[in-house]
Amino acid sequence: MKALVLLSGGVDSTTCLGLAVNRYGSDNVVALSIAYGQKHLKELEAAKKIVAYYQVELMELDLAKIFESSDSTLMAHSDKEIAKESYAKQLEQLDGKPVSTYVPFRNGLFLSSAASIALSKKCSLIFYGAHSDDATGNAYPDCSDAFNEAMNLAIFIGSGEQLKIEAPFISMSKEQVVKTGLDLKVPYELTWSCYEGEAQPCGHCGTCLDRIAAFEKNGVLDPLMDF
């Protein structure tokens with residue numbers, strides 16, 4: 001069995017990578033890191049450190065051109081500020097719409113690209129780190145269970161039944177993802193999540209707040225907040 005892991009350099013994807021390496025061994029895992037015009041390019045630097053730690057092959061892909069017209073606040077070309085509050089508070093004001101950091105159909109594009117690469121690399125599985133908290137309230141609709149099932153079916157059929165998607169955390173909370181990673185001794189000190197991408201995490205954007213809370217609920221300090 002050989003697996004391709006979508007690796008952003010954040011908590012969820014790094015835990016996915018740790019899980020895949022634990023199951024199949026580093027020789028049977030390929031990581032795919034994607035640039036898409038994001039503000040926090042620092043996550044791609046983190047991904048390189050993480051693959052060095054796990055000693056797996058890293059492939060890199062640049063899809064920034066596709067998102068040039070996106071008005072997501074996550075994009076480097078956006079002049080809008082990233083919200084400095086929890087996702088729960090953001091969703092209260094959005095009436096079922098995705099949050100401002102949602103990048104249009106990003107996971108759909110990532111998984112489709114990953115499918116082509118995975119088949120070329122003789123992989124039979126694609127791992128990605130979507131979890132239930134991100135899908136709550138339609139914050140990131142391309143992290144939902146329904147989306148995952150639809151993409152899995154499309155890729156399975158379109159690959160001639162050679163390739164499947166596995167989202168091992170699709171029914172888990174962020175707290176449970178971190179618990180899984182702590183058990184696997186995932187090097188969270190190498191990861192990066194903050195959407196601002198500065199020298200230190202801002203501690204106030206949605207992803208920082210979710211990350212900090214997930215570690216706290218596991219009784220440990222987020223290693224990136226120890227400064």
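Is serine 173 buried or exposed? At 17% relative accessibility, serine 173 is buried (under 20% relative accessible area; exposed is over 50% and partly exposed lies in between, with a 1.4 Å probe and protein chains only). The model is predicted, so local features need pLDDT of at least 70 and side-chain atom pairs count only at pLDDT 80 or more, whereas totals for chains, interfaces and linings use all residues. Residues are numbered from 1 along each chain as its sequence is written, and side-chain values use heavy atoms, with hydrogens and water left out.

Serine 173 belongs to the loop between strand S5 (164-166) and helix H7. Helices (H or I, at least four residues) and strands (E, at least two) are DSSP runs, numbered from the N terminus. Residues up to four places away in sequence aside, serine 173 touches His131, Ser132 and Asp133. Contact means heavy atoms within 4.5 Å.

Helix H7 (residues 174-183) meets helix H1 (residues 11-24). Their axes come within 9 Å and cross at roughly 40 degrees. Axes are lines fitted to C-alpha atoms, for helices over the stretch in contact, and angles run from 0 to 180 degrees between N-to-C directions. H1 and H7 are therefore oblique to each other. Angles under 35 degrees count as roughly parallel, over 145 as roughly antiparallel, 65 to 115 as roughly perpendicular and the rest as oblique. The crossing of H1 and H7 is left-handed (the near helix is turned anticlockwise from the far one by less than a right angle; clockwise gives right-handed). H1 contributes Val11, Asp12 and Thr15 to the contact, and H7 contributes Lys174, Val177, Val178, Thr180 and Gly181.

H7 also meets helix H8 (residues 206-217). Here the axes come within 8 Å and cross at roughly 60 degrees. H7 is thus oblique to H8. This crossing of H7 and H8 is right-handed. On the H7 side the contact involves Lys174, Glu175 and Val178; on the H8 side it involves Asp210, Arg211, Ala214, Phe215 and Lys217.

A further helix pair is formed by H4 (residues 106-120) and H6. The axes come within 11 Å and cross at roughly 25 degrees. H4 and H6 are therefore roughly parallel. H4 passes H6 in a right-handed crossing. Asn107, Gly108, Leu111, Ser112 and Ala115 of H4 make the contact with Phe147, Met151 and Ile155 of H6.

Aromatic rings were examined next. A pair of aromatic rings is described by the distance of the centres and the angle of the planes. Seven aromatic pairs are present in the structure. Rings of Phe, Tyr and Trp (its six-membered ring) pair if their centres lie within 6.5 Å; planes under 30 degrees apart count as stacked, over 60 as edge-to-face and the rest as tilted. The ring centres of tyrosine 53 and tyrosine 54 are 5.0 Å apart and the planes stand at 85 degrees, so this pair is edge-to-face. Tyrosine 53 is partly exposed, at 47% relative accessibility. Tyrosine 54 is buried, with a relative accessible area of 11%.

Tyrosine 87 and tyrosine 140 also pair edge-to-face, because their planes are at 85 degrees, with ring centres 5.7 Å apart. Tyrosine 87 lies in helix H3 (residues 87-92), while tyrosine 140 lies in the loop between helix H5 (132-135) and helix H6 (145-158), so the pair ties together parts that are 53 residues apart in sequence. Tyrosine 87 and tyrosine 140 are both buried. Elsewhere, ring pairs join Tyr36, Phe67 and Phe110 into a cluster.

Two lysines were placed relative to rings. The charged end of lysine 42 sits over the ring of tryptophan 192, 4.1 Å from its centre. The charged end of lysine 164 sits over the ring of phenylalanine 156, 5.3 Å from its centre. A charge sits over a ring if NZ of Lys or CZ of Arg is within 6 Å of the ring centre and within 35 degrees of the ring normal.

Methionine 1 lies in the segment before strand S1 (3-6). Methionine 1 is exposed, at 58% relative accessibility. Beyond its neighbours within four places in sequence, methionine 1 is in contact with Tyr24, Asn28, Ser124 and Leu125. Lysine 84 occupies the loop between strand S3 (57-62) and H3. Lysine 84 is partly exposed, with a relative accessible area of 43%. Neighbours within four places aside, lysine 84 contacts Glu196, Cys202, His204 and Cys205.
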